[in-house]
Amino acid sequence: MPGDFNNRIRRRIIVIQVLMVASILLLCAKSFDIQILKGKELSEKAENDYSRNIIIKGERGQILDQNMNKLGASIDAVTITACPAKITNPGDAAKKIADLLDINQKKLKETLSSKRMFAWVERGVTTEQAEKIRALNIAGIYFENDSRRYYPNRNLAGQVIGFTGADDSGLEGLEFKYNSVLEGRTRKISLTRDGNGRILDYEKKRNSELKGDSIVLTIDKKIQFLSEQALAQAVTNHQARSGIALVMKPGTGELLAIAHFPEFNPNNYKGSDRDTYRNRAVTDAFEPGSAMKVFTAAAALEKGVTPKTIIFCEKGTYRIGSFTIHDTHSYEWLTISQIIQRSSNIGAAKITESIGDKALYNCLSGFGFGSRTDIGITGETPGNLIPYKKWSKIDSGAISFGQGISASALQLITGISAIANGGNLMKPMLVKKILSSQGEDIKEYHPEIVRRVISPGTAHELKAMMNLVVGEEGTGTKAAIDGYEICGKTGTAQKVVEGGKGYAKRKYISVFAGFAPMENPELAILVIVDEPQKQYYGGDVAAPAFKTIMAESFNYLNIPPEKNKNMVALLSEGGKN
Amino acid sequence: MAAKNNNMIKSHVPRKTTGFRWLVIIFIIFSELMVYTWIRTESTHALLRISQAEELLLHKRSYHKALLAEKEWLKSDARITQIAKNRLNLSIVTMKQTIYFSGEDR
């Protein structure tokens, strides 16, 4: 009996052992099948559930002023998307989201009620707003990290900087022109998601090497602000239509300010008139009026005429062919210097008669009128300078005092700067350098002399003439600044009838262009006021704004007065921020 | 009888060793499975913790960036000038900021 029992037990043990070995063998076989034979296929299947490939884009580069102040930067934002097919109650979802984002509820409801698999809800939402919407826990609403362009100084230099669209691509200004430099680079990456569908390692892959390059401008934020303020005051005081002010360093051609009025806020560009987006200092041409007389005088001096050469100014009325030109006052004999000082149209026309059309044309085209400066801004106008062979008699007369020719504000300030720096036409500069995302210099732009347009002697004589304009008996006395020798020229041009022929009555452009200090010019400034209502002479409308910009910029840049050499000037502390 | 018992003992000893070996193999495989599972779980947890830390860092960095942008606006000339003019009733006296001394006063 015990033997049978032992045998039975032994058999059972053998059976159990066989079963266990068989199970282990089965497990091993299955494990081999899963891990080795189907391993690749299954791991791919699993990865598809928790990872996917997407294209990511780095952050957009910054736009900085010459002192590295941010003019345009990107901040983190969230893009909210939806899968309308998964939203159970579109009306309720639309109401809750629209309330938080302050967007059109009706339009959002329409979007969420469709049967589509994808729809944009809102792009560039702040992280705080996104968190509030996330807390609503609405099925079918998704969040993606994004960035949004932000202009911390709001209206400042809006027309120069421009703005980007919803997809973070530049639409206007430097944002558009330098889009390829500023925009972040793209890369295809594989993302891992957790059980809740959250992306685990997104930011790690969206690293700084994808960030776009930054551009450093020649613009000085402070001078830009001073210019915008002075211009706004001039335009408002004279109930004018618009205005432009430019500040340039004559020695290098660097633009320190490009101010426009009316302004617009690039953070909310949709709220402004499209006409205000344009950088009109570069894109629009206008008849500069008497400000052109300095270039006529330059042509004469280069031909050997001296500043003391006298010209009979016909007592205020002079007939050229069937046209009659007038001076504001009746003059008889005036020297070239006095013609500039008192802004005699007849004197300027007679200068051209004496030197010939070709000499004037060559001088004006030498100063860059009629051709683009190639500053690198989209839509730059070359202005209009008709070849001298096509000039009629009245054309040559009118061009000599700035009618019948059109130029951009940029061309005019560049020409004035050439006189200020001793005769070299500089290529205007707006971008100083391009920086990589790590802050290293990628490209640096240097001042470039286009050509010598007048001799240093001629430039010196022109400076003396322009200094008389601001002195007693000149037309630009309102531009004088105590302690400084200012050189300038007023201009008042009648505007051409829009879409018609001839000149409009009571529609003027007031101009003042000049530079200072006379001996060693640090700044050249141009102020243009379009259609002023109360007064219209450049000396009354634009000159005071010129004075304010120049005086405040000198104060900021700590440029000491040069007059009263026996006196000591103590300047209050300016300094850049 | 004694000889028979001796034979039984001899024949049982190898059988016991074989069973023990199998148990050891099963234990090793089971342990390996447990360790593997534990490592995978820990790895996933670590990944989640890293992800959460990164998310927090991202949030802080984003907040820092927003604060920098706000700082730029706070120090903007337009804002400061507005406060100076409207709240503090200050005015700009650019033309009076230069004080002249005669040469004798030096």
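I began with a pair of helices in chain A: the axes of α12(A) and α18(A) come within 10 Å and cross at roughly 140°. Axes here are lines fitted to C-alpha atoms, for helices over the stretch in contact, and angles run from 0 to 180 degrees between N-to-C directions. Helices (H or I, at least four residues) and strands (E, at least two) are DSSP runs, numbered from the N terminus.

I noted that this is a predicted model, where local features need pLDDT of at least 70, side-chain atom pairs count only at pLDDT 80 or more, and totals for chains, interfaces and linings use all residues. Residues are numbered from 1 along each chain as its sequence is written, while chains are lettered from A and ligands numbered from 1 in the order in which they are written. The model scores ipTM 0.74 and pTM 0.84.

**α12(A) and α18(A)**

The two helices α12(A) and α18(A) are therefore oblique to each other. Angles under 35 degrees count as roughly parallel, over 145 as roughly antiparallel, 65 to 115 as roughly perpendicular and the rest as oblique. I recorded the crossing of α12(A) and α18(A) as right-handed. A crossing is left-handed if the near helix is turned anticlockwise from the far one by less than a right angle, and right-handed if clockwise.

For contacts I used C-beta atoms, placed from the backbone, that lie within 7 Å. On the α12(A) side I found A:Val294, A:Ala297, A:Ala298, A:Leu301 and A:Glu302, which meet A:Thr458, A:Glu461, A:Leu462, A:Met465 and A:Met466 in α18(A).

I then checked the length of α18(A) (residues 456-470): at 1.5 Å a residue its 15 residues should span 21 Å, and its end C-alpha atoms are 22 Å apart, which agrees. The expected span is 1.5 Å times one less than the number of residues.

What do the buried residues of α18(A) pack against? They pack against α12 (293-302), α13 (336-342), α17 (409-420), β22 (487-496) and β23 (503-516) of chain A. A residue is buried if 20 or more other C-beta atoms lie within 10 Å of its own, exposed if 12 or fewer, and partly exposed in between; C-beta atoms are placed from the backbone. The buried residues of α18(A) include A:Ala459, A:Asn467 and A:Val470.

**α10(A) and α19(A)**

Next I looked at helix α10 (residues 221-237) and helix α19 (residues 538-557) of chain A, which pack at an angle of about 155° with their axes 9 Å apart. α10(A) and α19(A) are therefore roughly antiparallel to each other. Their crossing is right-handed. Among the residues that meet here are A:Leu226 and A:Ala230 in α10(A), and A:Ala545 and A:Ile549 in α19(A).

Helix α14 (residues 345-355) of chain A is mostly covered, with 9 of its 11 residues buried. Just after α14(A), A:Gly356 takes a positive phi of about 95°.

I found A:Asn69 in the loop between β2 (63-64) and β3 (70-82) of chain A. Is A:Asn69 buried or exposed? A:Asn69 counts as buried, because it has 20 C-beta neighbours inside 10 Å. Leaving out residues up to four places away in sequence, A:Asn69 touches A:Leu64 and A:Lys221.

**Chain B**

Chain B has 2 helices and 1 strand, in the pattern α-α-β along the sequence. Buried residues make up 2% of its 106 residues. The mean pLDDT (the predictor's confidence in each residue, from 0 to 100) of chain B is 80, and 75% of its residues reach 70 or more. In chain B, confidence is highest in helix α2 (residues 77-87), at a mean of 92, and lowest in strand β1 (residues 98-102), at 67. Where pLDDT is low, the predicted coordinates should not be read in detail.

Terms used. Contact = placed C-beta atoms within 7 Å.
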